[in-house]
Amino acid sequence: MTNTESAPGASPATTSAPIVLAVANQKGGVGKTTTAVNLAAACAARGVRTLLVDLDIQGSASAFLGMSPSDDDIDVARCLLEELPLSRAVKPTRIENLWLAPAGERMSLVDLHLASAFGRERAFERALAGAAPSGVALDLVIVDTAPYLGLLTINALVAAQKILVPVSCEYLPMLGLKLLGETLDRLRERAGARCDVLGYVLTMHDKRERISLEVEQLLRNRFDARVFATVVRSDTQHKSAPSHRRTIFEHQSEGGRGREDYTALANEALVRLGLIEPKPARKKAAKKSTGKHGKYKLESK
Ligand SMILES: Nc1ncnc2c1ncn2[C@@H]1O[C@H](COP(=O)(O)OP(=O)(O)O)[C@@H](O)[C@H]1O
Ligand SMILES: [Mg+2]
């Protein structure tokens, strides 16, 4: 966990386009939705005006927040199918500074529709250009993506400047990460994508489990500083929070490890994104003098 960031009361006022951060890993069950929702809530709590976009056919991020759209609502799917600006789908949440563009059942039609659409890899980027709700200057868009590399996920990767990759500590991840890396390379070469990996985050980490330590070591050896210092520890409350339609911040009492981990991850991610200043490193405690030439007086105990 990192402890090197400042805690500004509010985000810097931005008039430019928000940064788009896709939470992606084509493997299912690695903690993408849990991370997208709780990271978005933690960023909003820091005063960063954040839009969470649900780009998964299962609409799990929307369900997580208890905001699944009905058939009559305009959701992300309708924006993509009917080429509407995303702002038409955006709704305020009960959390200050957090908006949601929810996804409903029509999402399952979008991949097929995009397959024959002109400029099919950029449909989401076009919709995003009009994402901000009226009168709101967004700082950050966090996109939750589907567990496969279909056109919806490709659209998220093309629209994003940065990718955050959750990696579950429950199995060895290298093959899947290689595929994701190759996909990003191809999208940069052939589809003009400009995204790069903001960081890999270890999820469901349990330091008592050998597999967690193995995955961590493997990842840090391979990706070094691109692996977030913050590790999201395994916590059963992450499993129960979605069925109560609550973020971990609403579900767990203060001091809980889930809250701590996502607060620390948000701080680290926001510094990497340049949205908050790193906290100046704390000065080392004055060394105790050991003799008469010492600069400091001996401290009494
Ligand atoms: N840190 C964690 N500790 C324990 N369970 C977790 C943690 N993160 C996610 N989970 C659980 O793991 C499952 C998969 O997580 P989810 O975020 O839905 O993954 P994905 O979106 O990648 O499919 C869910 O049941 C979720 O509640
Ligand atoms: Mg998911």
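**Strand pairing and helix packing in a predicted model**

Seven bridges join strand β6 (residues 162-168) to strand β7, and the two strands run parallel. Within this pair, Ser-168 stands opposite Thr-203 in β7. The model that shows this pairing is a predicted one. Six of the eight residues of β7 are buried, so this strand is largely enclosed by the rest of the structure.

Strands β6 and β7 belong to an open sheet of seven strands, which has the order β3-β4-β2-β5-β1-β6-β7 and mixed pairing. The edge strands of this sheet are β3 (91-92) and β7 (196-203), each of which pairs on one side only. Elsewhere in the sheet, strand β2 (residues 50-55) is paired with strand β4 (residues 98-101) in the parallel sense, over four bridges. In this second pair, Leu-51 faces Trp-99, the residue that stands opposite in β4.

The protein chain as a whole has 11 helices and seven strands. Of its 301 residues, 47% count as buried. Among contacts in the chain with a separation of 6 or more, 77% are made by residues 24 or more positions apart.

Helix α1 (residues 32-45) was examined for length and burial. At 1.5 Å a residue, its 14 residues should span 20 Å; the C-alpha atoms at its ends are 20 Å apart, and the two values therefore agree. The expected span is taken as 1.5 Å times one less than the number of residues. Helix α1 is mostly covered, with 13 of its 14 residues buried. The helix is followed by Gly-47, whose phi is positive, near 90°.

One residue of helix α1 is Asn-38. This residue has 26 C-beta neighbours inside 10 Å and therefore counts as buried, the cut-off for burial being 20 or more. When its neighbours within four places in sequence are left aside, Asn-38 is in contact with Thr-247, Ile-248 and Tyr-262. Asn-38 and Phe-249 are 211 residues apart in sequence, yet their C-alpha atoms are 7.7 Å apart in space.

Tyr-262 is one of the buried residues of helix α11. Among the buried residues are Gly-258, Arg-259, Asp-261 and Leu-270. The buried residues of α11 pack against helix α1, strands β6 and β7, and helices α9 (236-240) and α10 (248-251). Just after α11, Gly-274 takes a positive phi of about 75°.

Helix α6 (residues 151-159) is also mostly covered, as nine of its nine residues are buried. These include Leu-151, Thr-153, Asn-155 and Ala-159. Two packed helices are described by the angle between their axes and the distance between the axes. The axes of α6 and helix α7 (residues 174-191) come within 11 Å and cross at roughly 70°. Angles of 65 to 115 degrees count as roughly perpendicular, and α6 and α7 are therefore roughly perpendicular to each other. At this crossing, Ile-154, Leu-157 and Val-158 in α6 meet Leu-184, Leu-187 and Ala-191 in α7. By class, this contact has six nonpolar residues, with no polar and no charged residues.

Backbone angles in two loops were also considered. Most residues other than glycine have a negative phi. Glu-83 is not a glycine, yet has a positive phi of about 55°. This residue is found in the loop between helix α3 (76-81) and strand β3. Glu-83 has 11 C-beta neighbours inside 10 Å and so counts as exposed. Arg-245, likewise a residue other than glycine, has a positive phi near 60°. Arg-245 is placed in the loop between α9 and α10. With 14 C-beta neighbours inside 10 Å, Arg-245 therefore counts as partly exposed.

Note on methods
Residues numbered from 1 in each chain as written. Chains lettered and ligands numbered in written order. Predicted model: local features only at pLDDT ≥ 70, side-chain atom pairs only at ≥ 80, totals over all residues. Buried ≥ 20, exposed ≤ 12 C-beta atoms within 10 Å, placed from the backbone. Pairing = 2+ DSSP bridges. Axes fitted to C-alpha atoms, helices over the stretch in contact; angles between N-to-C directions. Parallel < 35°, antiparallel > 145°, perpendicular 65-115°, else oblique. Contact = placed C-beta atoms within 7 Å. Nonpolar A, V, L, I, M, F, W, Y, C, P; charged D, E, K, R; others polar.
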